[in-house]
There are 2 protein chains.
Amino acid sequence: MSTFNIDDYISQLSIDCVIFGFKDKELKVLVSELTYGDNLWSLPGGYILKTESVDAAAARILKRSTGLDNIYLEQFRVFGDENRILQSKYKENIKQGLLQLNDKRFDEKTIAWMANRFVCIGYYALVDINKVNPKPGEFGASIEWRNIDDLPNLTHDHDTIVSYGLKALRQILDEKLIGFNLLPKTFTMKEVKELYEAVHDTSFPMNNFQKKILELNVLERLGKKFTGAQNRAPFLYRFKEN
Amino acid sequence: MSTFNIDDYISQLSIDCVIFGFKDKELKVLVSELTYGDNLWSLPGGYILKTESVDAAAARILKRSTGLDNIYLEQFRVFGDENRILQSKYKENIKQGLLQLNDKRFDEKTIAWMANRFVCIGYYALVDINKVNPKPGEFGASIEWRNIDDLPNLTHDHDTIVSYGLKALRQILDEKLIGFNLLPKTFTMKEVKELYEAVHDTSFPMNNFQKKILELNVLERLGKKFTGAQNRAPFLYRFKEN
DNA sequence: ACAAAAGTGTTGACTGTACACCCATGA
DNA sequence: TCATGGGTGTACAGTCAACACTTTTGT
């Protein structure tokens, strides 16, 4: 049984999070397989308590899925189509699935509440993929990192939400120095370059990229990273905290 | 008496519009004085029907305030603080004002609904100020164009909403060719320059500005504009529709 | 002819990129 | 000493802004 009480939440308003991670030169998104539905996936999401801010709700949802606090998190768009849930081809599936949950977590009234029209606020988050310990949410059977260009079958309009999220990330990556949130504490310049390349899906020449990043004066050069490879060892960098 | 029925609308979710206009080298915003409250102003806003999209609601609100259809309109941010209405210093004022409306338009239940916490979706609109016939909304005593740097006392967090709206306008003005929505059908290059200067609050050298705009290949040069002044007559331009 | 403002051309600084080169590392 | 990949320098092209100049208009 669950402590979920629809009266605690704002109705018809939800949050979905596009959680970005970066590994092996690939930009990844955290997606969760639904317990009901046949190979149907979704973004981590949830509802907003009547007593909490929308940002706090997003942070709470993010913590539930990743275990992480203090994450870079930003709203990027509202998805307000009147039919985005009501006319979704997945709606009946989901309703049936919820009704058949063997632990009877939700009563009919709650399920009707959930199957109503929802206006969704899209957030994106940038996390250090190594720090994340992904946990599926209330409706999730499993949760995985998937490459942005190899996403599974997503419910409702979640594919649209991802693509708007990526668009927003691309815009802001060049304006604000937020990309480092996707990297571990220390990293090489090549990794930074590969991150920018993954996000923008293009390639940048190394020398110019290095010059440009170093000119920003936000990186501190640490020691070298000796990997045992028979080549010059790259420098390690750290993001200056202020 | 009004036909407003709270059951028709999504609760705790509202829209406020920053409607931009341009005249006399000044960027202006449409604001409405509240019938209740003492010299208290607000942005045109409203609620979302359960049966309409959020975008459609914004367009409806815009039409009510300006009389215009088919206006450039874009969401830019959600204002989701849990206290933005509840803790507003204007809240009690407004509640009392609504109760005392002599036509008893709203019953107590409706007023309680309105005085609840609301998550607000901010939209900005760009209009040709000459085409607008401003009309105050349900709660408006009057409605006026005011310079962006000379706004009256705005209710709740509407000043914050305006400043985020302006920030969003500045960003998009350079990315997309939307500025011409603020100008009449035909205009001189100087007017375009003055518009960009008003939005960005800086000055641009004329020759470079002209070159850059013309290179975009989106303007059609028409005849000249003879004003009777003893100087060379400027060209008139029109925005190419495609 | 003159004042006022429109519109254009030239120059020099700056930025971004392609290419070539040198350097450290371990076998 | 050699292959490998990290890191840097230079030169060229394109962009942007300041300044000076010419053109048009009505008195």
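## Domains of chain A

Chain A is divided into domain 1 (6-176) and domain 2 (183-239), the bounds being those of an automatic or database domain assignment. The C-alpha centres of domain 1 of chain A and domain 2 of chain A are 32 Å apart. The model is predicted: local features require pLDDT of at least 70 and side-chain atom pairs count only at pLDDT 80 or more, whereas totals for chains, interfaces and linings use all residues. Residues are numbered from 1 along each chain as its sequence is written, while chains are lettered from A and ligands numbered from 1 in the order in which they are written.

Between the domains, nine residues of domain 1 of chain A are in contact with seven residues of domain 2 of chain A; a contact requires the C-beta atoms of two residues, placed from the backbone, to lie within 7 Å. On the side of domain 1 of chain A that touches domain 2 of chain A, strand S2 (26-34) and helix H4 (158-175) of chain A each supply at least two residues. H4(A) gives the most to this side, with three residues. Helices (H or I, at least four residues) and strands (E, at least two) are DSSP runs, numbered from the N terminus. By class, this side of domain 1 of chain A has four nonpolar, one polar and four charged residues. Here Ala, Val, Leu, Ile, Met, Phe, Trp, Tyr, Cys and Pro count as nonpolar, Asp, Glu, Lys and Arg as charged, and the others, Gly among them, as polar.

## Overall description of chain A

The secondary structure of chain A consists of six helices and ten strands. Its C-alpha trace spans about 65 × 35 × 30 Å along the principal axes. Of the 242 residues of chain A, 33% count as buried; a residue is buried if 20 or more other C-beta atoms lie within 10 Å of its own, exposed if 12 or fewer, and partly exposed in between, with C-beta atoms placed from the backbone. Among the contacts in chain A with a separation of 6 or more, 73% come from residues 24 or more positions apart.

## Positive phi values in chain A

Most residues other than glycine have a negative phi. Lys25(A), although not a glycine, has a positive phi of about 65°. Lys25(A) is placed in the loop between strand S1 (9-23) and S2 of chain A, and it counts as exposed because it has 12 C-beta neighbours inside 10 Å.

Asp201(A), also not a glycine, has a positive phi of about 55°. It belongs to the loop between helix H5 (189-200) and helix H6 (206-215) of chain A. With 11 C-beta neighbours inside 10 Å, Asp201(A) counts as exposed. H6(A) itself is hardly covered, since the count of buried residues among its ten residues is zero. Just after H6(A), Asn217(A) takes a positive phi of about 65°.

## Strand pairing

In chain A, two bridges join strand S8 (residues 186-187) to strand S10 (residues 235-239) in antiparallel fashion, and four bridges join strand S9 (residues 219-224) to S10(A), again antiparallel. Two strands pair if DSSP finds at least two bridges between them. Tyr237(A) in S10(A) is the bridge partner of Phe187(A) and also of Arg221(A).

In chain B, an open sheet of three strands has the order S8-S10-S9, with antiparallel pairing. S8 and strand S9 (219-224) of chain B stand at the edges with a single partner strand each, so one side of each is left without a neighbour in the sheet. S9(B) is joined to strand S10 (residues 235-239) of chain B by four bridges, and Glu220(B) stands opposite Arg238(B) in S10(B).

## Helix H5 of chain B

Helix H5 (residues 189-200) of chain B has twelve residues and reaches 17 Å from its first C-alpha to its last, close to the expected 16 Å; the expected span is 1.5 Å times one less than the number of residues. Val192(B), Glu194(B), Leu195(B) and Ala198(B) are buried in H5(B). Seen down the axis of H5(B), the buried residues fall within an arc of 165°, so they line one face of the helix; the arc is that of the directions from the helix axis to the C-beta atoms. Their cover includes S1, strand S2 (26-34), strand S8 (186-187) and helix H6 (206-215) of chain B. Asp201(B), which follows H5(B), has a positive phi, near 55°.

## Contact between the chains

The contact takes 18 residues from chain B and 18 residues from chain A. On the side of chain B that touches chain A, two or more residues come from each of strand S1 (9-23), helix H1 (54-66), strand S5 (72-79) and strand S6 (119-126) of chain B. S1(B) gives the largest share of this side, four residues. By class, the side of chain B that touches chain A has six nonpolar, six polar and six charged residues.
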